[in-house]
Amino acid sequence: MGVKKNYKKTQLACYLGFVTQAICANFVPLLFITFHSDYDISFSMLALISTCFFVTQLIVDFLCAGIVDKLGYRVCIIAAEVTSGLGLAGLAFLPDLLPVPFYGILICVIIYAIGSGLTEVLGSPIIEACPFENKDAMMSLLHSFYCWGWVGVVLCSTIFFTIFGIEHWRIMALIWSIIPFYNIYNFATCPIEPLVEEGKSMTMLELFKTKAFWIFIVLMICAGSSEIAMGQWASAFAESALHVSKTFGDLAGPCGFAVCMGISRLLYGKFGEKVDLTIFMMASGVMCLVCYLVAGLAGIPIVGLIGCALCGFSVGIMWPGSISISSQILPTGGTAMFALLALAGDLGGAMGPAIIGNVSQKAANDLQAGVLAGIGFPIVLVISVFYIRKKYR
């Protein structure tokens with residue numbers, strides 16, 4: 001008899017992978033003001049840090065479609081943990097070693113963005129390939145760990161800075177790097193199954209010729225836009241449009257959003273087998289539309305904050321749900337499909353905040369007007385899911 005494979009270890013590795021991704025995406029933005037004062041880096045240059053992070057992820061998403069199947073999942077996901085750990089640990093040293101600290105920060109961000117992009121592409125298919133009974137629920141549960149990582153990095157870093165002082169941020173960067181370095185062992189020893197039998201997965205050209213695939217791309221763009229547009233602007237929206245303090249705005253805005261998003265994914269992960277995924281996603285899209293309207297039209301700050309936080313709950317299922325539906329309808333989509341879906345989600349994540357920012361600027365820096373411009377994302381998502389339900393389910 002063969003040894004029974006421990007897929008719980010695979011789960012743990014993927015969960016910690018998504019926590020690492022959340023650390024990579026959300027730790028450095030907490031230090032922007034510190035970088036500005038200590039290294040005299042302008043705000044326009046600081047904005048370039050986030051741009052480089054997401055552009056690097058987009059490039060990795062695209063490249064993964066062609067190289068992962070050749071190198072193998074295990075090699076690539078271990079490379080994701082190595083680069084994530086090196087990038088985070090490098091923040092503690094490289095900015096002070098180079099003549100221009102900004103270049104040191106940027107190099108570290110690009111290094112861990114490679115790891116973040118690889119994790120985004122590989123985490124979902126690794127879980128999808130495991131022999132779990134309810135794949136939809138498992139996918140939602142996996143993606144909830146990004147939310148808990150997001151909340152954890154904000155709360156733990158804030159507590160650390162409050163107790164030991166913001167000047168010791170380098171130590172915090174080293175502490176966060178421990179998670180991906182530890183996770184190298186998990187991915188090196190856990191069972192990883194092939195998503196599709198060798199030679200049977202669809203090529204990129206075959207995917208591009210499939211009508212359903214393009215609907216899934218639209219779905220992922222809308223999911224990314226709906227989620228990241230509100231998530232990225234939550235803090236500034238709470239502070240400028242709703243006139244609450246920075247501390248309260250951060251806790252009620254980004255943290256409230258992330259907690260609600262995590263709860264949504266956790267609940268679907270626990271009870272998803274009792275709910276039709278397409279119905280749940282359409283209901284979530286309608287709720288998201290209502291939340292955008294409430295946040296954009298509310299004249300009372302607390303009502304606007306509630307709309308902002310509940311938007312997190314409404315978008316929770318969109319990204320993992322879109323991936324699950326795509327996997328069910330195109331089961332031989334393989335790595336190329338997961339990579340291109342991740343690319344579409346990131347593209348939506350870049351478009352959504354940009355649209356809100358540009359509309360706000362044209363409306364005399366009125367962020368509430370910008371938020372109202374975001375209602376198109378959930379509307380298109382609901383229409384897309386409705387079409388998929390009628391055509392393919």
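**Exercise 1. Determine which residues S225 touches, leaving aside its neighbours within four places in sequence, and whether S225 is buried or exposed.**

Solution. Once the neighbours within four places in sequence are set aside, S225 is in contact with Y292, G348, G349, M351, G352 and F377, where contact means heavy atoms within 4.5 Å. S225 itself belongs to helix α10, residues 211-241, helices here being DSSP runs of H or I with at least four residues, numbered from the N terminus. Its relative accessibility is 1%, so S225 counts as buried, a word that stands for under 20% relative accessible area, while exposed stands for over 50% and partly exposed for what lies in between (1.4 Å probe, protein chains only).

The model is predicted, so local features need pLDDT of at least 70 and side-chain atom pairs count only at pLDDT 80 or more, whereas totals for chains, interfaces and linings use all residues. Residues are numbered from 1 along each chain as its sequence is written, and side-chain values use heavy atoms, with hydrogens and water left out.

**Exercise 2. Find which residues of α12 are buried, and how far the helix reaches from its first C-alpha to its last.**

Solution. Start with the length: α12 covers residues 277-297, has 21 residues and reaches 30 Å from first to last C-alpha, close to the 30 Å expected at 1.5 Å a residue; the expected span is 1.5 Å times one less than the number of residues. Next, list the buried positions, which are L277, T278, M281, M282, S284, G285, C288, C291, Y292, A295 and G296. One of these, Y292, is also a contact of S225.

**Exercise 3. Describe how α2 and α3 pack, and what sits in the loop between them.**

Solution. Helix α2 (residues 32-39) and helix α3 (residues 43-71) have axes 10 Å apart and pack at an angle of about 135°, with axes fitted to C-alpha atoms over the stretch in contact and angles running from 0 to 180 degrees between N-to-C directions. That angle makes α2 oblique to α3, since angles under 35 degrees count as roughly parallel, over 145 as roughly antiparallel, 65 to 115 as roughly perpendicular and the rest as oblique. On the α2 side the contact is made by F32, I33, F35 and H36, and on the α3 side by F43, L46, I49 and S50. The loop between α2 and α3 holds D40, which has a positive phi of about 55° although it is not a glycine. With 68% relative accessibility, D40 counts as exposed.

**Exercise 4. Work out which residues T335 contacts beyond four places in sequence, and how far its C-alpha is from that of A65.**

Solution. First place the residue: T335 lies in helix α15, residues 334-362, and is buried, with a relative accessible area of 3%. Then, leaving aside neighbours within four places in sequence, its contacts are C64, V68, D69, Y73 and L195. Finally, the C-alpha atoms of T335 and A65 are separated by 6.0 Å, although the two residues are 270 residues apart along the chain.

**Exercise 5. State which residues join α7 to α8, and at what angle the axes cross.**

Solution. The axes of α7 and helix α8 (residues 169-189) cross at roughly 140° and come within 10 Å. From α7, the contact uses G152, V153, C156, S157, F160 and F161, and from α8 it uses W169, I171, M172, I175 and W176.

Definitions and conventions. Helices (H or I, at least four residues) and strands (E, at least two) are DSSP runs, numbered from the N terminus.
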